[in-house]
Amino acid sequence: MRGFGRLLFVQGGLAHRFDPVNLPFRATSYAHPLGVALAGFAHLDWGHLLGNLFSGLVFGSIAEYGWSHYPTARGEQSFTSWRDNPYVRIGVVFGGIIVAGFLTAALSWGPLIGFSGVVYLLAGIALVFYPITTLVGIVAWPRLWHLLSAFNDPLQIAQPNVGYSGVGFAGTAIQSHAFGFLIGVLIGAAILHRRRRSASPGRIWLGAMIYTVANGLWSIFWYLGNSQYIRFRTLGTVLLFVLAGLIVLVVAGRDRSPSDRLVAPSLGRFARSVPSARQIAVGTILFTLVSMSMIGVVINLSAPTGADFPDDSIEVRDYEIAYVQNVTNEQIAVVDLPLLDQVTDVQTSGVVVYSDQRRLWHQVISESNLESRGSARVLVGGVGWRRPVYAYRSGWDALGGDTTYQVFLRPEGHEPTLVHTASPAVADVILDNRTVAIRSGTDGFEVVVRRGNQTLGVGGFPDSGANVTVGGITFARTEQNLYASADGTTLRIAKRRIPPTRRR
């Protein structure tokens, strides 16, 4: 319910349920406590929220059944003590979920948003109690989601996807998922051992392997730059085999038995100090969690800077929005790694949002996405306000040459501002011993006619259906093509670059 409240009122999802404000509600830095406080309960949209809520309902119900709001030991009764009070037990669960939401955000690697870390924590507990039932939940969950989405989105229109919205796995908070899952496993194992309940090692191993593989916890990846990533599939899968073995030891392993303690004196003090396999497994997972947490703390104690942010950016309150070309991604380079600076020096191109107040540096539209779509929208805002900013890309392909283009940004209610111009595109053709280049001008695009190193003329594009003479060459234009005529020869010299989504 806290997620619903965040989306409806804080993020503006009540009036804009398909596109609530989400940038300022990400866990970017401890210097921006609002983002850290709300990130674990804020969501990208209604689909993101409902997906987490209903997957939490599936796995949370299994975990709740295993934990039980009522005493489970023989002879115990409800309300005999505060620990046996069902209302107290419900409060403990609810409070634990809230704490888990804060922890997954506060210890995240990067700008996390969403409740999924808590969902994985519930799944970890459910897996320990009822591994096979949890696997059934994995199968049942997509069907439950279909029933929900069928009423939430009754009509569906399908068309080929011509845009590049990004790499799917790169937008998934794998670290947060693994963090929540490991905590859930430890909590479930602690409850089982306290209640002296046994578990089947085979079922636990099978459940751990299928769940982690099905939910992509093997997906270890890193950034190569400009919307490219590398994913270590073999390494990630091998680690899941190791993790499943550790989970079996933690859940189904045993500490030293009474017979071990009787034999131990004859083996000496050293033998008595050797930890059991279960203790080693618990220590390994705890060490992993602490290491992940320390990395998250270091990252969140730092904040990206806007020292190299372009001067031609536009401002919307505390936000700056700009189009960048091959600049260092400050979100990734927020922490310098000695001798490994090339790992964090990742290049980014596209529309970027920066806010010093919110400690935010985020690529919101990639170069390839804007190129393929032609236009896109950036949504900035805060508690109680939102402002769309529209990005446009317009370009021309020179015959046999490159593409030149312009990028405009327009806050809602304002005129477009030119924020980026590409290098000129030279046509791969010679007319009457002249070359033609297309470049960005102050009022749109213009043609440059040259002979050798001498510029013969510069002129703006003619209107559609009209013509103009520049440097001895006559240029005529239709809506989508530019033609050049000289010495009785006419050639199409350039073609307007029209994104597939805008073609008719």
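This is a predicted model: local features need pLDDT of at least 70, side-chain atom pairs count only at pLDDT 80 or more; totals for chains, interfaces and linings use all residues.
Strands β12 (residues 435-441) and β13 (residues 444-451) run antiparallel and are joined by seven bridges. Two residues separate β12 and β13, which form a hairpin. Within this pairing, Ser440 has Phe445 of β13 as its bridge partner. Strand β13 also pairs with β14 (residues 454-460), again in the antiparallel sense, over six bridges. Here Glu446 stands opposite Gly460 of β14. β13 and β14 likewise form a hairpin with two residues between them. In that turn, Gly452 has a positive phi of about 65°.

Across the whole structure, a search finds 16 aromatic pairs. One of them joins Phe221 and Tyr223 in an edge-to-face arrangement. Their centres are 6.2 Å apart, with 75° between the planes. Phe221 has 16% relative accessibility and therefore counts as buried. Tyr223, at 25%, counts as partly exposed.

The rings of Trp396 and Phe461 also pair. Their planes lie at 70°, so this pair is edge-to-face; the centres are 5.0 Å apart. Trp396 is buried, with a relative accessible area of 3%. Phe461 is buried as well, at 15%.

One aromatic cluster is formed by Phe59, Tyr120, Phe181 and Tyr211. Arginines also lie over aromatic faces. Arg317 lies over the face of Trp385, 4.2 Å from the ring centre. Arg393 lies over the face of Tyr405, at 3.5 Å from the ring centre.

Conventions: Residues are numbered from 1 along each chain as its sequence is written. Side-chain values use heavy atoms; hydrogens and water are left out. Two strands pair if DSSP finds at least two bridges between them. Helices (H or I, at least four residues) and strands (E, at least two) are DSSP runs, numbered from the N terminus. Rings of Phe, Tyr and Trp (its six-membered ring) pair if their centres lie within 6.5 Å; planes under 30 degrees apart count as stacked, over 60 as edge-to-face and the rest as tilted. Buried means under 20% relative accessible area, exposed over 50%, partly exposed in between (1.4 Å probe, protein chains only). A charge sits over a ring if NZ of Lys or CZ of Arg is within 6 Å of the ring centre and within 35 degrees of the ring normal.
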